Amino acid sequence: MLKSVVRAVGSAVRISTTGTTTSVPARALPLTNPTLSAPSWATTRPFTRSLWMMTNSGASSGYRPKLFSSRVLSPSVSCGCGGLHTEGDKAFGNFLSDEIKEEEKIKKSKTLPKMSGGWELEMNGTEAKLTRSVSGEKITVTFNVNNSIPPDFEEEADEGQQKSAEDEPEIVSTPNFVVEVTKQSAKHSLVFDCHYPEDEMSHGEGEEESDIFAIREASFQPEGDADWKETSYTLNTESLDWALYDHMMDFLADRGVDNTFADELMDLSTAMEHQEYIKFLEDLQSFVKCH
């Protein structure tokens, strides 16, 4: 009986509400609600809304599509690799093809230059090791061509002025290299950390020839240990007495690490770096085209 009365009262209320001309205003949500406030870019990117509607079946569907999914997630070319293929990938692949052809044109030689002085070369990717023996001593020089291209600090006086192709400086690889000298009777190897100082890379005519490489640090390290042990004392040459430094440079020169060696090492490293660069472009092209 009570339930019937409640239902009758509810029906009467609904009938009286629909029959009146005065509508009850809905409770307004606060304007600070972040889900209802329009984004700041709504007026500058009107197409976003249309793309959203095209990929949506309606607000009441409860489905929230990913923006631009109709264009990006639909591969333009089917491929067995299952990867994404777009028009941008095609343009990227064509650009890489042209870039590889141009790099092959300026490649000086198909083989790496030889080092004089009886150095034997071993390569492992971007890392190279040169070894030679002198009167029972073993000299090992290691370097890596990664990050070996120095930045060009020479800027034109006028910012708007551009260099022609003939005036562009030749790309030269100047890697840091480590020289390890091992004696048969010694427990440790004498190791020199060397580099190419930027202010010593070029000399004008008539200027006295100076060393094109320099010793940065020297230390005794376990023979053949690839990691430089920080617990071993390291001599920094920045504040070193010049007489001692000159003796160290003469010590290396007597073992074949002199200006001629450093110059040939630059040629070798430059050829290696260019070879690795072309290989990277080829791998990148293969990855983009998914061959």
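**View 1. Asp258 caps the N-terminal end of helix α6.** A side-chain oxygen of Asp258 lies 3.3 Å from the backbone nitrogen of Thr260. A polar contact is a pair of N or O atoms within 3.5 Å; within protein, one must be able to donate a hydrogen and the other to accept it, and residues adjacent in sequence count only if both atoms are side-chain atoms. The model is predicted: local features need pLDDT of at least 70, side-chain atom pairs count only at pLDDT 80 or more, and totals for chains, interfaces and linings use all residues. Numbering starts from 1 along each chain as its sequence is written, and side-chain values use heavy atoms, with hydrogens and water left out.

**View 2. Helix α6 spans residues 259-289.** Helices (H or I, at least four residues) and strands (E, at least two) are DSSP runs, numbered from the N terminus. α6 has 31 residues and reaches 45 Å from its first C-alpha to its last. That is close to the 45 Å expected at 1.5 Å a residue, the expected span being 1.5 Å times one less than the number of residues. Cys290 follows α6, with a positive phi near 60 degrees.

**View 3. Seven strands form an open sheet.** The order is β1-β2-β3-β4-β5-β6-β7, with antiparallel pairing. Two strands pair if DSSP finds at least two bridges between them. β1 (120-124) and β7 (234-236) stand at the edges with a single partner strand each, so one side of each lacks a neighbour in the sheet. From one strand to the next, the twist averages 20 degrees. α5 packs on the sheet and touches β4, β5, β6 and β7. Its direction makes about 70 degrees with that of β6. α6 lies across β1, β2, β3 and β4, at about 40 degrees to β3. Axes are lines fitted to C-alpha atoms, for helices over the stretch in contact (heavy atoms within 4.5 Å). Angles run from 0 to 180 degrees between N-to-C directions.

**View 4. β4 pairs with β3 and with β5.** β3 and β4 run antiparallel, joined by 6 bridges. Phe177 in β4 is the bridge partner of Phe143. β4 and β5 also pair in the antiparallel sense, over 5 bridges. A hairpin of 5 residues joins them. Val179 stands opposite Phe192 in β5, and Glu180 stands opposite Val191. In β4, 5 of 6 residues are buried. Buried means under 20% relative accessible area, exposed over 50%, partly exposed in between (1.4 Å probe, protein chains only).

**View 5. The largest nonpolar core has 31 residues.** Such a core is a set of buried Ala, Val, Leu, Ile, Met, Phe, Trp, Tyr and Cys residues joined through side-chain atoms within 4.5 Å. Val141, Phe177, Val179 and Val257 have the most contacts inside it. Elements giving two or more residues include β2 (127-134), β3 (137-144), β4 (177-182) and α5 (242-253). α6 gives the largest share, 6 residues. Beyond its neighbours within four places in sequence, Val141 is in contact with residues including Trp119, Leu130, Phe177, Val179, Phe261 and Leu265.

**View 6. Ser135 has a positive phi, as does Asn147.** Most residues other than glycine have a negative phi. Phi of Ser135 is near 50 degrees. Ser135 sits in the loop between β2 and β3 and is exposed, at 77% relative accessibility. Asn147 has a phi of about 55 degrees. Asn147 lies in the loop between β3 and β4 and is exposed, at 83% relative accessibility.
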